[in-house]
Amino acid sequence: MKARVHVMLKNGVLDPQGEAVRHALGTLGFDGVNGVRQGKVIELDLAETDEVAAKTSVNAMCEKLLANMVIESYTVEIV
């Protein structure tokens, strides 16, 4: 079973990488971009076969290691 985790900075947290991308897009002529938020995607290949157990396990992984719960939020997708 595979899981995909999307980790993003919470709203209100400054995103300097996103701002750098927005600025670079502007210099390349893409003037219509008003904001960019950059995050990460983590794909996990799990031995678990039960979807509920897999999601519970991945949520625990996120809260302990994969996401900084102070400044980031995450979503888990079982694929």
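Modeller: Let us begin with an idea that we shall need: a polar contact is a pair of N or O atoms within 3.5 Å. Please note also that this is a predicted model.

Colleague: Which backbone nitrogen does the side chain of Asp15 reach at 2.7 Å?

Modeller: The side chain of Asp15 reaches the backbone nitrogen of Gln38 at that distance. A polar atom of the Asp15 side chain also lies 2.9 Å from the backbone nitrogen of Gly18.

Colleague: Where is Asp15 placed, and what does it touch?

Modeller: Asp15 sits in the loop between β1 and α1. Leaving aside residues up to four places away in sequence, Asp15 touches Leu9, Val36, Arg37 and Gln38.

Colleague: How far away is the nearest side chain of opposite charge?

Modeller: A salt bridge requires a side-chain nitrogen of Lys or Arg within 4 Å of a carboxyl oxygen of Asp or Glu. For Asp15, which is buried, the nearest side chain of opposite charge is Arg37, 4.3 Å away, and Asp15 has no salt bridge.

Colleague: How many bridges join β1 to strand β2?

Modeller: Two strands pair if at least two bridges are found between them. Here seven bridges join β1 to β2, and these strands run antiparallel; Lys2 has Asp45 as its bridge partner in β2. Strand β1 also pairs with β3 in the antiparallel sense, over seven bridges, and there the partner of Leu9 is Glu72.

Colleague: Which residues form the covered face of β1?

Modeller: The covered face holds Ala3, Val5, Val7 and Leu9, while Lys2, Arg4, His6 and Met8 make up the uncovered one.

Definitions and conventions
Residues numbered from 1 in each chain as written. Predicted model: local features only at pLDDT ≥ 70, side-chain atom pairs only at ≥ 80, totals over all residues. Heavy atoms only, no water. Buried < 20%, exposed > 50% of the residue type's maximum accessible area, 1.4 Å probe, protein only. Helix = DSSP H or I, 4+ residues; strand = E, 2+ residues; numbered from the N terminus. Lys, Arg positive; Asp, Glu negative; His and termini not counted. Polar contact = N/O pair within 3.5 Å; in protein donor to acceptor, adjacent residues only side chain to side chain. Contact = heavy atoms within 4.5 Å.
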